[in-house]
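Please open the structure in a viewer and keep the selection tool at hand. The tour begins at the ligand and then moves to the protein chain.

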Amino acid sequence: MLSTIFIPHGHCYLWKNGLVLLHLSSDLLIAIAYFIIPIMLVYLVDKREDIPFDWIFLCFGAFIIFCGITHLMEVWTLWYPNYWISGCLKACTAAISLSTALLLFYLLPKLLAIPNVPKLEALNTVLAKEISERKKIEAKLQIQTQELEEALEKLQSTQAQMIQNEKMSSLGQMVAGVAHEINNPVSFIYGNITYANEYARDLIELVEMYGRHYFQPPEEIKNKITAIELDFLKQDFINLLDSMKIGASRICDIVLSLRNFSRLDEAEFKQVDIHEGLDSTLIILENRLKGRSEKSKIQIIKEYGQIPFVECYPGYLNQVFLNILVNAIDAFDSDNSQNNSNGVKNKPNLIKISTKRVSNNLVLIHITDNGPGISSEIRPKIFDPFFTTKKVGKGTGLGLSLSYQIIVDKHDGKLFCESTDKQGTEFFIEIPICRTL
Ligand SMILES: Nc1ncnc2c1ncn2[C@@H]1O[C@H](COP(=O)(O)OP(=O)(O)OP(=O)(O)O)[C@@H](O)[C@H]1O
Ligand SMILES: [Mg+2]
């Protein structure tokens, strides 16, 4: 703009080389510095998103760039006197600088309010301390919650086991009571049947004797002989008494087994014949072992070894045998019902019970079935209280957990299970022969 009427700025320096060079180099260096500073400010704002009031840095950048441009203009006007352009650029720089100054003025209190580094560090330390304390409390709370959950679980399981124990004990009491009540009448029925048999034979002999001596009895007696079919009656009466004797003897066996099974009178540690307990349990389960059809029949194989009497709580031990055997029978039942629907079943149901002395003071009772087995996923859980795979109302899931408690806690023994899916299940019960050894 009308630069021709002005003289270049270099004239003011009388074109002294040194002075022109000094101004030229200084202005150039200032301009370069003023262009680099905004680049760094933009970079800083871009990288540090957390910097508060980042826009003020951009304002600084803008006014510094304009300052840089005015210095470049200074270089230009050394030779070319475009002072109007130079003036306009200065005016722009002034406007931007002034705005930045005003904005800074407005921002100053806020900037002053930003905590300084030592203050921030102190705050940080307080916060870190608070966080660590909270974490400690949280961890403590977590432990307490876990302890509470465990206690609740234990309480629930103890309660359920107490209920189950109570159930078993009242069942045992009932069984013992019924057995006791039946025992007396059955004993005199069984005891008197032998005499009844003898008397019947005597009477029949007497009647036959009468027949031999009075072969022409009166008409009335003849009619009676025909009516009662005397020959058949004589033969059948003896047969009948014989089968009554067998029946009564069976009732005596069952009553004995029931008493043997409950053994409530023996709440203390006692030396007993384990085989007797196993046999009594099998008699109690006879009806279920017989099954409803040939297919559901369960064959029992006993391989009893030479074992001495074992010191134990007989009633409790029999409960363990009962639980394990009932589980095997239930497994056969469910397997049979599934196989029925599929129409495949070719192996007979077998339960093998063997006993042996495994060391000086240890006997092993090994109960095996060739049922459906227990899959590897559920095997680790079978001794857990309430774990059951049976339908609601069918199993409480306490049988094995109680058995475990009886063998491990009450008898210092071991109870464990091995099973192959679809092949069968084996239970091992190890108990010391004598606790005082
Ligand atoms: N011989 C076995 N064959 C297959 N599964 C078995 C056998 N014995 C135990 N189980 C499995 O172990 C689970 C737990 O047995 P447990 O005796 O503890 O409880 P339950 O029989 O289900 O119920 P409860 O005995 O209280 O009536 C059973 O539900 C069953 O799935
Ligand atoms: Mg069971």
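How many Å separate an oxygen atom of ligand 1 from an N or O atom in the side chain of threonine 388? The distance is 2.5 Å, which falls under the definition of a polar contact (a pair of N or O atoms within 3.5 Å; within protein, one must be able to donate a hydrogen and the other to accept it, and residues adjacent in sequence count only if both atoms are side-chain atoms).

This is a predicted model, in which local features need pLDDT of at least 70 and side-chain atom pairs count only at pLDDT 80 or more, while totals for chains, interfaces and linings use all residues. Residues are numbered from 1 along each chain as its sequence is written, chains are lettered from A and ligands numbered from 1 in the order in which they are written, and side-chain values use heavy atoms, with hydrogens and water left out.

**The ligand**

Select threonine 396 next: an N or O atom of its side chain is 2.4 Å from an oxygen atom of ligand 1. At glycine 397, a polar backbone atom lies 2.9 Å from a ligand 1 oxygen. Of the 600 Å² of accessible area that ligand 1 has on its own, the protein covers 91% (Shrake-Rupley method, 1.4 Å probe; for residues, only the protein chains shown count as cover).

Now display the shell of 20 residues around ligand 1, of which Asn327, Thr388, Thr389, Lys390 and Thr396 come nearest (a residue is near if one of its heavy atoms lies within 4 Å). The shell divides into eight nonpolar, nine polar and three charged residues. Colour α9 (314-342), α10 (399-411) and β7 (424-432), the elements that give two or more residues to this shell; helices (H or I, at least four residues) and strands (E, at least two) are DSSP runs, numbered from the N terminus. The largest share, three residues, comes from α9.

**Two loops**

Go to phenylalanine 53, in the loop between α1 (17-47) and α2 (54-79). Its phi is near 50 degrees, a positive value in a residue other than glycine. Phenylalanine 53 is partly exposed, with a relative accessible area of 23% (buried means under 20%, exposed over 50%, partly exposed in between; 1.4 Å probe, protein chains only).

Then select lysine 422, in the loop between β6 (414-420) and β7. Phi of lysine 422 is near 70 degrees, again positive in a non-glycine residue, and lysine 422 is exposed at 62% relative accessible area.

**A helix residue**

Finish at serine 25 in helix α1, which is partly exposed at 32%. Serine 25 and valine 75 are 50 residues apart in sequence, and their C-alpha atoms are 8.6 Å apart in space.

Methods:
Ala, Val, Leu, Ile, Met, Phe, Trp, Tyr, Cys and Pro count as nonpolar, Asp, Glu, Lys and Arg as charged, and the others, Gly among them, as polar.
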